[in-house]
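Try each one before reading its solution.

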Amino acid sequence: MYQQKPLNYSENALEPYISSEIINLHYHKHYLNYLKKLNELLNSVGYHESYTKEELVSHIDEFPLNIRGDILYNLGGVINHELYFDSMSPSKASMDGKLKDQAIKQYGSVENFVDEIRRQANLMVGSGYTFLVLNSNKELEIIDFSNQETPYSYGLIPIMALDLWEHAYYLQYKNERNKYIDAFLKIIDWNQVNKRYEQNI
Ligand SMILES: [Fe+2]
């Protein structure tokens with residue numbers, strides 16, 4: 001059984017950017033449902049946890065063909081949500097460390113880099129996520145994936161995730177997704193994102 005990852009902050013800590021009602025539902029209902037379904041699927045084939053969740057993505061071919069899609073979907077739902085919740089913090093830390101150097105190298109400035117995340121997020125059609133990933137050359141890429149696809153399936157290492165499913169913002173922002181995106185950009189936990197960057201380069 002894979003265990004739920006605790007939130008690093010209280011449910012109301014991200015207000016006014018993201019309401020406690022949204023965080024409560026998102027964490028306890030949406031995220032935990034993916035975890036529950038993943039564990040049920042894995043139990044149904046007698047799997048005993050031996051891979052990390054990230055490793056499981058690349059070992060999906062060890063499972064029966066008829067449930068691979070379901071496993072991958074729910075596994076993606078777990079991995080993506082855990083990264084999303086870990087991408088935010090009430091601390092409002094500014095970008096620093098090697099990530100900042102690389103962002104300036106690739107995008108010219110921190111402001112341009114953040115603008116590019118905003119631009120990419122606003123391009124998302126339907127349900128999905130905008131990710132900040134490391135590609136195989138250890139360069140930064142900002143990329144959208146639909147539904148619960150995980151960048152690990154494509155050999156990319158995600159270090160930041162922005163959930164763009166309606167459940168992530170609709171209760172508070174209704175149809176104004178762009179305002180939710182702007183709010184998210186103000187509460188990114190750049191300390192943690194930088195840590196993940198430095199661990200993977
Ligand atoms: Fe979500």
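**Exercise 1: the two domains**

Task: work out how this predicted model is divided into domains, and how far apart the domain centres lie.

Solution. Start with the bounds: domain 1 covers 20-86 and domain 2 covers 97-200. Next, take the centres over C-alpha atoms, which puts 21 Å between domain 1 and domain 2. Then count who takes part in the contact: 18 residues from domain 1 and 26 residues from domain 2.

**Exercise 2: what the interface is made of**

Task: describe the interface of domain 1 and domain 2 by its buried area and its polar contacts.

Solution. Area goes first: the two domains bury about 1700 Å² between them, with 65% of it on carbon and sulfur atoms. Now look for salt bridges between domain 1 and domain 2; the count is zero. Polar contacts do turn up, though, with ten residue pairs across the interface.

Now switch to the domain 1 side. Helices H1 (20-44), H2 (53-58) and H3 (65-86) each give two or more residues to it. H3 has the largest share, with ten residues. By type, that side has nine nonpolar, six polar and three charged residues.

**Exercise 3: the overall fold**

Task: list the elements in order and explain why the protein counts as compact for its length.

Solution. Tally up eight helices and three strands. From the N terminus, the order reads α-α-α-α-α-β-β-β-α-α-α. The radius of gyration is 17 Å, close to the 17 Å the globule rule gives for 201 residues, so the protein is as compact as a globular protein of that length. Finally, the C-alpha trace spans about 50 × 40 × 30 Å along its principal axes.

Note on methods: Residues numbered from 1 in each chain as written. Predicted model: local features only at pLDDT ≥ 70, side-chain atom pairs only at ≥ 80, totals over all residues. Heavy atoms only, no water. Domains from an automatic or database assignment. Contact = heavy atoms within 4.5 Å. Buried area = accessible area lost by both parts, 1.4 Å probe. Salt bridge = Lys/Arg side-chain N within 4 Å of Asp/Glu carboxyl O. Polar contact = N/O pair within 3.5 Å; in protein donor to acceptor, adjacent residues only side chain to side chain. Helix = DSSP H or I, 4+ residues; strand = E, 2+ residues; numbered from the N terminus. Nonpolar A, V, L, I, M, F, W, Y, C, P; charged D, E, K, R; others polar. Rg over C-alpha atoms; globule rule 2.2 N^0.38 Å.
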